[in-house]
Amino acid sequence: MHELSLALDVIDLVTEEAGKNSLKDVYEIHIEVGEISGVDADVFQRAMEIVLKNSSLGKAKVKIRKTPGIGRCTACDKDFSVSDFLACCPGCNGYPSEIIGGKELRVTSIIGE
Amino acid sequence: MCETCGCGQPDEFTIRVPGQNENNEHFHPDKQGGHYHTHSHDHEHEHDHYYEHDHQGDRVIEINKEILAENNLVAERNRGFFEGRGVLCLNLVSSPGSGKTTILEKTIRERNEGYPVSVIEGDQQSMNDAERINKTGVPVIQVNTGTGCHLDSKMVSKALKQLEVGNHGVLFIENVGNLVCPALFDLGETKRVVVMSVTEGDDKPEKYPYMFISCQLCLINKSDLLPYVDFDVDKFISVVKKINPTLEFILISAKTGEGFEKWFDWLDKNRKCHVT
């Protein structure tokens, strides 16, 4: 559900950036969504499509890049792949790990003219 | 759809003070502080072929901005407001029905010292919770999120303009009952408190880890029902510790008062830390 309100925030952000850069039309919006950001990338994609249709950015398509979850073990400093917060270090089976990737939720670029 | 202007923005919300039900403030957040409509473009289907165009003048603009940047910016402003007044602001989050409002009623009535307390109530609809808090005599304001599933920092900022918040006191923000969405939205609170009732099952942290990661205190409520349910307090705490090792726990019952002394001490300790 929060994907919809985030989609509205993207519209505001992109509209502002397009204005600053004198873009008349925006054709692509590139977004990074981390695997453990708390946002479902597929739901977010659909939310963006719905919100874009009813906005002044109706020509734009959304391109979402999913970024993987990466944890760093605070005990042995090893980096490893995580898909949830209960993942323990495969090297020493230790908790906790520090999340160093996968929490991204950002607009990286827009393409337009 | 917004009943006042019919603009259909999904993030509309209303702010109401008990006793002034008809004077609904109507607010649609946007950057100009005003009110805008994004549906002027009613012929978008004619443009479905745009990818076939050769856009010779296309430019790539690097942005690299957090989607939550605007929310986080306003949250920091709220945080500055609280710090400037020495106010301990607590964002109370939980599933619906965990007992947040009952805990608040008891806390306000029986707190250790007579420090000022005020409350922002968040719900999709109704004034029920604000009316309950209003009976305790402290300033309260209701934010109805409409279709929204969480409070955000702009709603809190707007509510603060109408709410009397006493210096060196405590502001409780009772978020919309939902263990998912409120986790992502910083309101500018000093600390976030998750309320968990023992009737909910002890595997909630595994199912909803984002919420438990983002909090500093967990109130385990309805402890009087422990003999009748399968909730294993030790197992619950051990699972939460794996995802949030620094989370504090207090076992309470808003019905019998068990654990409230510890809760009041926690409030005093954190209030005094915040004042100094």
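In this predicted model, the largest nonpolar core has 32 residues. Those with the most contacts inside this core are A:Ile29, A:Ile31, A:Phe44, A:Val107 and A:Ile110. Several elements of chain A give two or more residues to the core: helix 1 (2-20), strand 1 (26-34), helix 2 (41-53) and strand 6 (105-112). Helix 1 of chain A brings the largest share, eight residues.

Now for the interface between the two chains, with some values side by side:

| Feature of chain A and chain B | Value |
|---|---|
| Residues of chain A in contact with chain B | 47 residues |
| Residues of chain B in contact with chain A | 40 residues |
| Area buried between the chains | about 4,100 Å² |
| Salt bridges across the interface | two salt bridges |
| Polar contacts, both residues at pLDDT 80 or more | 13 residue pairs |

Carbon and sulfur atoms give 63% of that buried area. On chain A's part, A:His2, A:Phe85 and A:Leu86 supply 14% of the area buried against chain B, more than any other three residues.

One salt bridge to look for joins the side chains of A:Glu17 and B:Lys65, at 2.9 Å from N to O. Helix 1 of chain A gives the largest share of the side that touches chain B, 12 residues. The residues of that side divide into 21 nonpolar, 13 polar and 13 charged.

Key. Residues numbered from 1 in each chain as written. Chains lettered and ligands numbered in written order. Predicted model: local features only at pLDDT ≥ 70, side-chain atom pairs only at ≥ 80, totals over all residues. Heavy atoms only, no water. Core = buried A, V, L, I, M, F, W, Y, C linked by side-chain atoms within 4.5 Å. Buried < 20%, exposed > 50% of the residue type's maximum accessible area, 1.4 Å probe, protein only. Helix = DSSP H or I, 4+ residues; strand = E, 2+ residues; numbered from the N terminus. Contact = heavy atoms within 4.5 Å. Buried area = accessible area lost by both parts, 1.4 Å probe. Salt bridge = Lys/Arg side-chain N within 4 Å of Asp/Glu carboxyl O. Polar contact = N/O pair within 3.5 Å; in protein donor to acceptor, adjacent residues only side chain to side chain. Nonpolar A, V, L, I, M, F, W, Y, C, P; charged D, E, K, R; others polar.
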